[in-house]
Amino acid sequence: QVQLVESGGGLVQAGGSLRLSCAASGRIFSLDAMGWYRQAPGKQRELVATITSDGSTNYEDSVKGRFTISRDNAKNTVYLQMNSLKPEDTAVYYCNLRQRWGTTIDDYWGQGTQVTVSS
């Protein structure tokens, strides 16, 4: 009942920038948290950044100062501005929407968008 569609991935040189977008639709609510995760080949999926409905953000240490997460609640869209990209940022990036119902948590995921940073 929740659909997430990512866009904006691609191939860039080290030091370049990309902006990822994720549009949510379906049975979503204004209090839902959203975020970005990534998974590199042979590695586990890891948190990149999250943002709550009131704008509180959290970042993985390696992207602090380089990436910025934001959201447009009117458009049900979350963005990830990625600057000063490094080859280590190469991964499939997944959009996440988290719904909380008391102690119950439901996670929804997009299909993923490939980000490749060449050295």
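Visitor: What makes strand 4 and strand 9 a pair, and in which sense do they run?
Guide: In this predicted model, strand 4 and strand 9 are joined by seven bridges in the antiparallel sense. Two strands count as a pair if there are at least two bridges between them, so the seven bridges here meet the rule. One of the contacts sets Gly-35 against its bridge partner Asn-96 in strand 9.

Visitor: How do you know that strand 4 also pairs with strand 5?
Guide: Strand 4 and strand 5 (residues 46–51) share five bridges, again antiparallel, and the rule asks for at least two. Trp-36 has Ala-49 of strand 5 as its bridge partner. The two strands form a hairpin with six residues between them, and Gly-42 in the turn has a positive phi of about 75°.

Visitor: Why is strand 4 called largely enclosed?
Guide: Buried means under 20% relative accessible area. Six of the seven residues of strand 4 are buried, so the rest of the structure largely encloses this strand.

Visitor: Why is the link between Cys-22 and Cys-95 called a disulfide?
Guide: The sulfur atoms of Cys-22 and Cys-95 are 2.0 Å apart. The cut-off is within 2.5 Å, so the pair qualifies. By this rule the count is one disulfide.

Visitor: What parts of the chain does the pair link?
Guide: Distant ones: Cys-22 is in strand 3 (residues 18–26) and Cys-95 in strand 9 (residues 91–101), 73 residues apart. Cys-22 and Cys-95 are both buried.

Visitor: Is the disulfide left-handed or right-handed, and how do you know?
Guide: The torsion about the S-S bond of Cys-22 and Cys-95 is about -85°, so the disulfide is left-handed.

Visitor: What makes strand 1 and strand 7 edge strands?
Guide: They belong to an open sheet of four strands in the order 1-3-8-7, with antiparallel pairing. Strand 1 (2–7) and strand 7 (67–72) each have a single partner strand, so one side of each has no neighbour in the sheet. From one strand to the next, the twist averages 15°.

Visitor: How do you know that strand 7 and strand 8 are partners?
Guide: Six bridges connect strand 7 with strand 8 (residues 77–82) in the antiparallel sense, and at least two are needed. Phe-67 stands opposite Met-82 in strand 8.

Visitor: What makes a space a cavity, and how many are there?
Guide: In a cavity a 1.4 Å probe fits but cannot get out. With a threshold of 30 Å³ or more, the count is one cavity. The largest cavity holds about 80 Å³ of space, so it passes that threshold. Its lining includes Ala-24, Phe-29, Met-34, Arg-71 and Leu-97. By class, the lining of the largest cavity has five nonpolar, four polar and three charged residues.

Visitor: What is the volume of the largest pocket, and which residues lie nearest its centre?
Guide: The largest pocket has a volume of about 220 Å³. Of its 14 lining residues, Leu-31, Asp-32, Ala-33, Arg-98 and Arg-100 lie nearest the centre. Strand 4 (33–39) and strand 9 are the elements that give two or more residues to this lining.

Visitor: Which strand gives the most to the lining of the largest pocket, and what classes of residue make up that lining?
Guide: Strand 9 gives the most, with five residues. The lining of the largest pocket divides into six nonpolar, five polar and three charged residues.

Technical notes
Residues are numbered from 1 along each chain as its sequence is written. This is a predicted model: local features need pLDDT of at least 70, side-chain atom pairs count only at pLDDT 80 or more; totals for chains, interfaces and linings use all residues. Side-chain values use heavy atoms; hydrogens and water are left out. Buried means under 20% relative accessible area, exposed over 50%, partly exposed in between (1.4 Å probe, protein chains only). On a 1 Å grid over the protein atoms alone, a cavity is a set of points where a 1.4 Å probe fits but cannot get out, and a pocket is an open set with protein on both sides within 12 Å along at least five of seven lines; lining residues have an atom within 4 Å of a point. Ala, Val, Leu, Ile, Met, Phe, Trp, Tyr, Cys and Pro count as nonpolar, Asp, Glu, Lys and Arg as charged, and the others, Gly among them, as polar. Axes are lines fitted to C-alpha atoms, for helices over the stretch in contact, and angles run from 0 to 180 degrees between N-to-C directions.
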